[in-house]
Amino acid sequence: MYVRPAAAAAAAFLGFTLTLLGGTASYAATGPGSSPGPLGLGGPVVYAHRGASAYAPENTLAAVDLAMRLGFDWVENDVQRTKDGELVVIHDDTLARTTDVEQRFPDRKPWKVKDFTAAEIARLDAGSWFGEEYAGASVPTLRQYLDRVQRNRQRLLLEIKKPELYPGIEEQTLRVLGEAGWLDARHVAQRLVVQSFSADSVRIVHGLRPDLVTAFLGTPPVADLPRYAEFTDRINPWHTTITADWVAAVHGLLGAHGRAMEVDTWIVDDAATARKVQEMGVDGIITNAPDVVREAVGGF
């Protein structure tokens, strides 16, 4: 899923692979909405995808700040790792789309994040591709990003991106979160969710920190949902892959923390689709244009 500049306004989506795991889960004795979800919030919650990324360069501090000015608590980001082991906030595993890496390092194609040091990445311009007014914006480290979200009094939906490329990234992400003060009781209870397209990665995070709220990105078949409920609290699908019955099936399960599982769907940037998924009963909507979604469905 990547964001085009605001003039284009549309989002393009990458496919995902589902990983199925064995196990069982308990079914909820009450229907959806009978108790608060893992964070005690109603829905739909509106998540600013990579910040307010329809209007500012994705995953930059500028996008986070704009989400705050628009009045949104929740921001989503993507975490990957540099050659020298620094965690940085960027969606693609290559730097080419959202920075000027091709101009600065023309001989280092295909410009993979994992092939550059943190210092090299810090020199890149991550804003000009989006608009001249953002020239000089940088790719933030995870620590810089956490500090900004904390300063803004926002909440974070953190995605561990392509963990198969970065062995041990789950432990490292948790370590940085802890060092930044994000693993205390208040953050864990109200301000942080960790998600991934990799079921194995989500299961690792749950095993390391069973108190954390986690989410799996994908749309498992209904028959397989109980296996996911053992180690996660939410199933977060692409909006075109779900129905009201599927959402109800997720709600009918107790997740890893013994509460009804939740559904936060992505990427919804127009009012009609926002109302459609709201009618399906989703708990949250992940969007590049959070103001558009809020106007359509309410939310917060």
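This briefing covers a helix pair, aromatic rings and backbone geometry in one structure. The model is predicted, so local features need pLDDT of at least 70 and side-chain atom pairs count only at pLDDT 80 or more, while totals for chains, interfaces and linings use all residues. Residues are numbered from 1 along each chain as its sequence is written, and side-chain values use heavy atoms, with hydrogens and water left out. Helices (H or I, at least four residues) and strands (E, at least two) are DSSP runs, numbered from the N terminus.

**Packing of α4 and α5**

- Helix α4 (residues 142-151) packs against helix α5 (residues 169-179) at an angle of about 40°, and their axes are 10 Å apart. That makes α4 oblique to α5.
- Axes are lines fitted to C-alpha atoms, for helices over the stretch in contact, and angles run from 0 to 180 degrees between N-to-C directions. Angles under 35 degrees count as roughly parallel, over 145 as roughly antiparallel, 65 to 115 as roughly perpendicular and the rest as oblique.
- Leu142, Arg143 and Leu146 of α4 are in contact with Thr173, Val176, Leu177 and Glu179 of α5 (heavy atoms within 4.5 Å).
- By class, this contact has 4 nonpolar, 1 polar and 2 charged residues. Ala, Val, Leu, Ile, Met, Phe, Trp, Tyr, Cys and Pro count as nonpolar, Asp, Glu, Lys and Arg as charged, and the others, Gly among them, as polar.

**Aromatic rings**

- A search of the whole structure gives 8 aromatic pairs. Rings of Phe, Tyr and Trp (its six-membered ring) pair if their centres lie within 6.5 Å; planes under 30 degrees apart count as stacked, over 60 as edge-to-face and the rest as tilted.
- Phe130 and Tyr134 form an edge-to-face pair, because their ring centres are 6.0 Å apart and their planes are at 75°. Both Phe130 and Tyr134 are buried (under 20% relative accessible area; exposed is over 50% and partly exposed in between, with a 1.4 Å probe and protein chains only).
- Tyr228 and Phe231 have ring centres 5.9 Å apart and planes at 45°, so this pair is tilted. Tyr228 and Phe231 are buried.
- One aromatic cluster consists of Trp129, Phe130 and Tyr134.

**Backbone geometry**

- Lys109 and Pro110 are joined by a cis peptide bond, with omega about 10°. Pro110 is in the loop between α2 (101-104) and α3 (118-122).
- Trp111 lies in the loop between α2 and α3. Trp111 is not a glycine, yet its phi is positive, near 60°. Trp111 counts as buried at 9% relative accessibility.
- Arg50, also not a glycine, has a positive phi of about 55°. Arg50 is in the loop between β3 (45-49) and α1 (61-69), and is buried with a relative accessible area of 0%.
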